[in-house]
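Hi,

Here is the structure I promised to pass on to you. Have a look at it first, and then read on for what turned up in it.

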Amino acid sequence: MIEGIEFLNKQWFWLFLLLPLAILWYVFKHNKQTAELKISSLKGFKVTNSWLPKLRHVLFALRLIALALLITAIARPQTVDVSTKTKTTKGIDIVMAVDVSASMLAKDLRPNRLEALKKVAAEFIKGRPNDRIGIVEYAGESYTKTPITSDKTIVLKSLKSMRYNNIIQGGTAIGMGLATSVNRLKDSKASSKVIVLLTDGENNAGFIDPLTASELAVEYGIKVYTIGLGTNGMALSPSGLLANGSFQYSRMQVKIDEELLKDIATATGGKYFRATNNKKLEEIYNEINKLEKTEIEEFKFYNYEEKYRFLVLLAGVFLLLELLLRFSIFRSFV
């Protein structure tokens, strides 16, 4: 390809091998046709310095150029304009259920669990342009922060504003968070419905049992991926409030009800993950991203524009020019 030009019949370029043979033939023929006369002196002859005999080789050069242009034309040069249209054939509706209890401020992930999650989740959202995504927050109770929408700007803005606040009742109501997420998806017409539920604790609040909520998910054909967030062992976590209203931190045991999270994932056809650091959390969202692929049908439209006509016309001009010169200016030399 030369600057956007493709050649449909490249095999015809082998004909260029004939050009060196044509040059050799011309040289050989010219030498045979050139007569020689040996005389002792040129004093009796008038010497002319005409430039025409020296330029007679131009005729052969014009013919070679015309032949080269014709070979290139036979190779079918053309430009191709490709336009692409994509059609989503299988959309996915996703709800991200996020624990925003005080323990999400623990510093075993950098800078803390909640901020680490927001960074990774933002990349996950950006990587799914063809899906609808919503966000549910929960602590001791739950609520919908963003309904499922295809507008990623709204979702990302909502995710960025997510933070711990004392307005939501304290505790970790996993059942409530899951039930609210199911409620957002139950009427969805998408061919695939997914909840990504993240928590760093145990179910210790709310009036809905998590397993009951998972049964609702199964009933509505919703798959749940569960993530247990927190390092193994001890973590620097909020343990109380100081006089200025900020948190006091102490090293506390990380308690995650992994069996419950595994049961929810297994019952709904999802998968359980454990994120013990920032890198592992990122890998988990990447894996979920691969597991839940949106099927996209791509249509490509090709517009071909032939370029050989100009080459044929130019070759004709060179041949015509050769004939005109041969039977006019160079008539007495060829």
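Helices here are DSSP runs of H or I with at least four residues, strands are E runs of at least two, and both are numbered from the N terminus. The expected span of a helix is 1.5 Å times one less than its number of residues.

Please keep in mind that this is a predicted model: local features need pLDDT of at least 70, side-chain atom pairs count only at pLDDT 80 or more, and totals for chains, interfaces and linings use all residues. Residues are numbered from 1 along each chain as its sequence is written, and side-chain values use heavy atoms, with hydrogens and water left out.

Let's start with helix H3, residues 113-126. Its 14 residues reach 20 Å from the first C-alpha to the last, close to the 20 Å expected. Among the buried residues are Arg113, Lys118 and Phe124. At the start of H3, a side-chain oxygen of Asn112 comes within 3.1 Å of the backbone nitrogen of Leu114.

Now to strand E7, residues 222-229. Seven of its eight residues are buried, so E7 too is largely enclosed by the rest of the structure. Strands count as paired if DSSP finds at least two bridges between them. E7 runs parallel to E6 (residues 192-199), joined by seven bridges, and Leu197 stands opposite Thr226. On its way from E6 to E7, the chain passes through helix H6 (residues 210-219) in a right-handed β-α-β crossover, meaning that the path from the first strand over the helix to the second runs clockwise with the strands pointing away from the viewer. E7 also pairs in the parallel sense with E10 (residues 272-275), over four bridges; there, Gly228 has Arg274 as its bridge partner.

Best wishes

Methods. Buried means under 20% relative accessible area, exposed over 50%, partly exposed in between (1.4 Å probe, protein chains only). A polar contact is a pair of N or O atoms within 3.5 Å; within protein, one must be able to donate a hydrogen and the other to accept it, and residues adjacent in sequence count only if both atoms are side-chain atoms.
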